[in-house]
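Subject: Handing over the two-chain model

Hello,

Here is the structure I promised to pass on. Please look it over before reading my notes.

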Amino acid sequence: MHPLFAHRKWVALYLIGWLLGGVLLALFFTMLRPRPLLHAMEFAIPLNLIFGFVALSAWWVCRSNPLSGPRPVRIFTTQMLAALQVSAAWFVAASLWGVVMARAVSETVSRAEILQDAGTLFVLGMPLYLVSAVVHYLVIGFEASHAAERRILQSDVSAREAELRALRAQLDPHFLFNSLNSINALVGSDPEGARRMCERLGDFMRRTLALGAKDEVPLAEELALVDRYLEIEQVRFGDRLQIMREIDPATAACMVPPLLLQPLVENAVKHGVARRVEGGCIRIAAHRANGRVGIVVENPVDPDAPPKRGQGVGLENVRRRLEAYRGRETHLEAWLEGTRFRVEVTLPAGELPPAVEKEKAS
Amino acid sequence: MTAPLLRALIVDDELPACALMREYLGAEPGIEIVGECANGFEAVKAIGELQPDLVFLDVQMPKLDGFEVLDLLDDRPAVVFCTAYDEFAIRAFEVHAVDYLLKPFGRERLREALTRVRERLAASEAGSAPAAPSASELATSARAPGQHLERVLLRDGSQVHVVPVDKLDYLEAQDDYVEVHSEGRSWLKHQTLADLEAALDPSRFVRVHRSFVVNVERIARIELAAKDNRVAILRDGRELPVSRAGYARLKELL
């Protein structure tokens with residue numbers, strides 16, 4: 001189906017255009033050979049409308065001979081032949097209509113005159129058809145670029161979805177298994193503790209899912225998630241897991257990509273504290289200076305432990321997410337300082353304006 | 001007939017996990033808990049001293065993981081792995097673990113494991129138990145597939161030494177043992193030279209002689225001592241014999 005027929009309005013506009021074209025054609029005929037304008041219009045307008053529809057056939061010709069095709073000569077000859085056919089059809093139609101008109105109006109019109117009019121249309125038809133072909137090629141090109149744009153948008157969306165999926169997968173299922181095992185243990189010895197643990201675990205999961213669905217979150221929310229996480233891990237590791245927080249209150253409202261901090265802290269537990277017999281202290285710090293927020297997660301490591309696979313994956317993930325969030329305005333650095341592993345993230349200190357926050361809340 | 005008393009050791013670095021096991025086992029007849037360990041070093045020591053019949057072994061622990069603990073034992077008790085990770089199951093059965101409990105697990109599942117342990121112990125007393133895995137099987141399973149050994153575990157009485165492979169100087173065959181030399185010290189490891197060599201990265205360790213494997217980074221130079229008789233001089237001045245085949249392997253690598 002020709003795209004013109006997708007909307008009635010377009011069809012109407014198109015018909016009006018050809019109608020006006022018919023009037024112009026009639027004027028042209030009166031200049032060519034003096035005759036009453038009304039007669040010329042009766043002759044020209046119906047023929048012009050017919051041509052208007054025939055010219056649409058260029059759509060199919062253009063589609064089956066795309067400009068991106070390998071042989072331009074062939075495209076050219078095909079289009080010329082099509083133009084010739086359309087013009088010939090117009091010539092035949094004009095001749096017949098001329099005869100009918102001549103009979104209806106008892107005016108003396110010679111056969112030669114009818115042939116002359118039809119011949120004029122034949123000559124006009126070729127370039128008109130070619131104009132139609134050019135317009136159709138433009139339409140096709142426009143649609144193609146539109147479709148490409150849509151595809152890019154779509155792939156953007158699916159990339160984001162993939163990122164979210166990866167994010168959720170990054171939530172270590174073993175964390176869940178181990179937490180369930182802790183609950184299992186508490187049920188016997190400390191039922192109240194088991195209940196608290198269930199509550200924390202539920203709260204942690206819910207927050208993770210909620211944060212993961214957002215583009216950016218205030219640092220305070222991210223820190224609250226980390227607190228939940230650490231509370232649960234502290235049940236598992238007991239005194240071995242110590243936490244030191246140095247959070248500048250001025251950073252609380254600064255926006256960060258969601259689940260930025262949690263994977264870093266999880267790494268600090270899994271690859272740092274959990275692998276040391278004596279455990280250790282994880283330091284979480286956030287400060288704000290010169291329009292930037294700096295976040296530090298620091299943990300002790302066992303100097304003898306061989307590097308385990310998967311350690312770099314979480315970090316790389318965070319790095320990529322930061323890049324996607326604010327590109328070169330963000331910065332992530334990780335290094336070993338003696339027996340302490342330190343990750344430092346800095347990003348522009350952007351706060352959500354209160355109005356927007358209200359809007360989001362409502 | 002009552003089942004014979006089983007002496008069990010619990011090895012887990014997480015307090016709640018230990019507490020749970022204690023609670024479960026406490027309710028089972030015929031089980032005596034002889035100890036609890038919170039890391040791999042303690043486990044190696046405790047198994048040597050307490051000689052339990054049965055060990056509940058976590059996989060991921062500080063210092064030594066569960067597989068490395070097994071690697072260091074001469075006489076191995078029945079082992080039941082307890083872990084939240086299912087990806088070690090195949091390796092666990094390669095080292096003839098009796099069972100593999102996935103956390104979280106309930107009493108019923110633990111009872112099943114205990115039944116299997118009793119069956120296994122009864123069978124081994126009757127002499128029809130599967131043969132204990134060889135040292136090489138253990139060495140292979142102590143590292144993840146497709147990876148080279150990153151550290152060598154050595155036992156000196158109840159003490160455990162962990163030597164990263166880049167600190168190794170050379171290995172010397174001593175009958176059924178390997179003498180491992182590192183930074184001027186040496187230990188004996190109950191493993192053949194061929195087995196240990198197979199576990200090491202072949203681009204870093206070369207068999208220069210029937211009885212010697214050397215860390216190529218330690219070689220200062222190769223000298224011709226006599227016709228067709230070369231020696232490798234290490235950075236610390238030690239001299240190792242190099243056979244013709246060993247020289248060919250070295251040349252290929254360097």
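Below is what was found, starting with how to read the model.

This is a predicted model: local features need pLDDT of at least 70, side-chain atom pairs count only at pLDDT 80 or more, and totals for chains, interfaces and linings use all residues. Residues are numbered from 1 along each chain as its sequence is written, chains are lettered from A and ligands numbered from 1 in the order in which they are written, and side-chain values use heavy atoms, with hydrogens and water left out.

**Where the chains meet**

Chain A brings 25 residues to the contact and chain B brings 21. Contact here means heavy atoms within 4.5 Å. The area buried between the two chains is about 2,100 Å², and carbon and sulfur atoms give 51% of that. Buried area is the accessible area (1.4 Å probe) that two parts lose on being put together, summed over both. Three residues stand out: His174(A), Asn181(A) and Val277(A) supply 25% of the area that chain A buries against chain B, more than any other three residues.

Three salt bridges are counted between chain A and chain B. A salt bridge is a side-chain nitrogen of Lys or Arg within 4 Å of a carboxyl oxygen of Asp or Glu. One pairs Arg240(A) with Asp13(B), with the closest N and O atoms 3.5 Å apart. Helices α6 (173-189) and α8 (219-237) of chain A each supply at least two residues of the side that touches chain B. The largest share, 10 residues, comes from α6(A). Helices (H or I, at least four residues) and strands (E, at least two) are DSSP runs, numbered from the N terminus.

Another bridge joins Asp302(A) and Lys63(B), at 3.1 Å from N to O. Asp302(A) lies in the loop between β5 (292-300) and α10 (311-326) of chain A, and Lys63(B) in the loop between β3 (54-58) and α3 (66-71) of chain B, so the pair joins two chains. Asp302(A) is buried, at 7% relative accessible area. Lys63(B) is partly exposed, at 21%. Buried means under 20% relative accessible area, exposed over 50%, and partly exposed in between (1.4 Å probe, protein chains only).

**Salt bridges within the chains**

The count over all chains is 38 salt bridges. Arg200(A) and Glu231(A) form one, at 3.3 Å from N to O. Arg200(A) sits in helix α7 (residues 191-212) of chain A and Glu231(A) in helix α8, so the pair ties together parts that are 31 residues apart in sequence. In chain B, Arg151(B) bridges to Glu68(B), with the closest N and O atoms 2.7 Å apart. Here strand β6 (residues 151-156) holds Arg151(B) and helix α3 holds Glu68(B), 83 residues apart. Arg151(B) is buried, at 9% relative accessibility. Glu68(B) is also buried, at 9%.

**Chain B and the cysteines**

Chain B has eight helices and 15 strands. Of its 254 residues, 48% count as buried.

Zero disulfides are counted over all chains. The rule asks for a pair of cysteine sulfur atoms within 2.5 Å. Cys18(B) is in no disulfide, and the nearest cysteine sulfur, that of Cys37(B), is 8.4 Å away. Cys18(B) is buried, at 5% relative accessibility. Cys198(A) is partly exposed, at 43%.

Best wishes
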